[in-house]
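Notebook open, structure loaded. I'll jot down what I look up as I go.

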Amino acid sequence: MNSAVSSKDVEARIFEILISFGTEPDSAVREATFDQLDIDSLDLVELAQIVDEEYGVELTIDDAQQLQNVGDAIDLIVSRIA
Amino acid sequence: MNDSVVVTGVGAVTPLGMGADTLLAEWSSGRCATTDGVGSCDRFELGELLSANDIRRTNRFTQMALAACEEALGNAGWGTCVPFDPYRVACVVGTGFGGVEIIEREHDGYCADGATACAPACIPLMTSNAAAATLSMRYGLHGPSAAPASACAAGAEAVALGAGLIRSGEVDAALVGGAESAISGFMRAAFAANGELSRTGVCRPFDARRDGFVIGEGAGMLVLESEEAARRRAATELARLVGIGVTCDGFHPTAPDPGAEAAARAIDAALTDAGIAAEDVDYVNAYGAGGQLDDRAETRALKTALGTHAHTVPISSAKSAIGHLLGAAGAVQALATVLALRRGIAPPTLGYEVPDEELDLDYNADGRTLRSQDGSLVGLSNSFGHGGQNVVLAFEAQAIRR
């Protein structure tokens with residue numbers, strides 16, 4: 001579903017969500033790890049909830065544990081949308 | 001005198017502003033901070049205490065507890081590193097209701113959008129131990145962490161529980177207090193429904209015209225240390241917590257036992273624990289919420305426990321200045337008592353003008369200076385709560401000359 005969504009769109013939206021969680025705009029980059037951004041497991045569940053709602057993509061706790069950095073999360077979401 | 005527990009730091013967030021000293025100074029100068037029947041902490045500021053994400057992930061009563069705790073640790077001189085084995089430091093923060101604003105917000109979302117509207121972090125934001133857990137996390141404490149929820153006595157009970165852990169030798173120090181932010185429209189409607197909230201919106205403790213309490217929010221925190229631990233690190237001692245008395249009316253869900261027997265026993269137990277006579281009490285910081293039944297019961301309890309001395313000791317209620325801080329009230333009263341003794345003053349019961357025939361003690365409308373023979377002053381801090389909770393704390397402090 002939602003095949004019109006581009007990788008850039010997802011990236012921009014994920015950065016926006018992270019910033020709403022308190023991440024400094026300058027720190028919201030693909031290379032940042034969630035630890036570096038002070039994003040913990042509860043934040044990740046909340047992120048997954050938003051992603052599910054907006055893109056219809058389900059991210060499990062196992063998925064979240066595999067993510068090394070923000071870029072991984074964006075790529076995983078994009079791959080599931082496709 | 002049982003002098004094994006000392007107070008080395010205090011901090012407060014109240015409707016009168018930020019800081020414990022602000023509370024005492026403003027109250028003593030006769031300023032009442034409640035407006036339209038509510039005491040809100042409009043001047044509460046977190047400053048740089050929390051990151052943006054931590055602000056999102058803490059509820060208001062926890063934020064207030066944190067600000068009060070930072071102040072208390074600051075004047076205890078703990079610095080950035082806990083000066084004890086972290087397994088020997090307790091953290092006890094009482095609250096009556098917990099994360100009320102979060103429960104309301106999440107429930108609104110649930111009603112509007114269903115189960116998926118609930119935020120993943122809403123559970124730890126709703127629970128009553130949020131403040132105790134957050135403080136333990138922030139300072140890396142691993143000793144007992146607890147959150148008494150004993151209604152309007154919760155803050156005082158936290159002080160009593162922390163002190164008990166020090167006395168038993170289980171810990172060297174305890175961060176103790178209470179915090180509450182439950183002044184929403186819903187909470188006010190609920191308190192109004194059981195007839196306890198003042199209809200006039202003015203808290204007039206012990207006055208014939210009193211018609212209930214005025215709801216408020218805030219937090220009070222104290223740093224307690226064993227006498228030995230405090231001496232080892234050459235800490236400044238603000239006061240000693242010399243006596244603790246805890247009883248329960250076992251009588252009614254909301255009303256006090258009019259005979260006030262258990263409340264009197266709590267006062268008596270605190271005196272016995274402290275090894276002091278009724279005549280040694282220089283000041284009483286009353287529960288004094290401004291309810292018809294409560295104020296009558298407290299007066300009766302004081303007469304029973306203190307005998308004729310009840311007629312000469314100055315009694316005052318902080319609720320006349322800040323409203324009723326519910327689960328935070330007992331802790332804020334405790335630290336207000338400490339500071340009042342330190343400064344040698346009994347702050348006034350604001351708005352006390354028309355005596356009630358049955359209530360014939362000295363409710364200290366104008367405030368006064370406390371005199372001491374040897375420089376030492378003893379004060380009682382009374383906390384009573386729904387369910388018949390009675391907690392009485394006795395403090396002794398050396399009055400500092402100004």
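This is a predicted model: local features need pLDDT of at least 70, side-chain atom pairs count only at pLDDT 80 or more; totals for chains, interfaces and linings use all residues.

Which residue in β6(B) is the bridge partner of B:Gly94? I looked it up and found B:Gly178.

**Strand β4 of chain B.** I followed that bridge back to the strands. β4(B) covers residues 89-94, and β6(B) runs over residues 173-180. The two pair in the parallel sense, with 6 bridges between them. I then checked β5(B), residues 145-146, which also pairs with β4(B) in the parallel sense, over 2 bridges. There I noted B:Val92 bridged to B:Ala146.

Next I asked myself how many residues of β4(B) are buried. I got 6 of 6. I sorted them by face: B:Val89, B:Cys91 and B:Val93 sit on one side, B:Ala90, B:Val92 and B:Gly94 on the other, and both faces are covered.

**B:Gln333.** I moved on to helix α13 of chain B, residues 329-343, where B:Gln333 has its place. Is B:Gln333 buried or exposed? I put it down as buried, because it has 31 C-beta neighbours inside 10 Å and the cut-off is 20 or more. Skipping neighbours within four places in sequence, I listed its contacts as B:Asn285, B:Ala318, B:Ser381 and B:Ser383.

Conventions
Residues are numbered from 1 along each chain as its sequence is written. Chains are lettered from A and ligands numbered from 1 in the order in which they are written. A residue is buried if 20 or more other C-beta atoms lie within 10 Å of its own, exposed if 12 or fewer, and partly exposed in between; C-beta atoms are placed from the backbone. Helices (H or I, at least four residues) and strands (E, at least two) are DSSP runs, numbered from the N terminus. Two strands pair if DSSP finds at least two bridges between them. Two residues are in contact if their C-beta atoms, placed from the backbone, lie within 7 Å.
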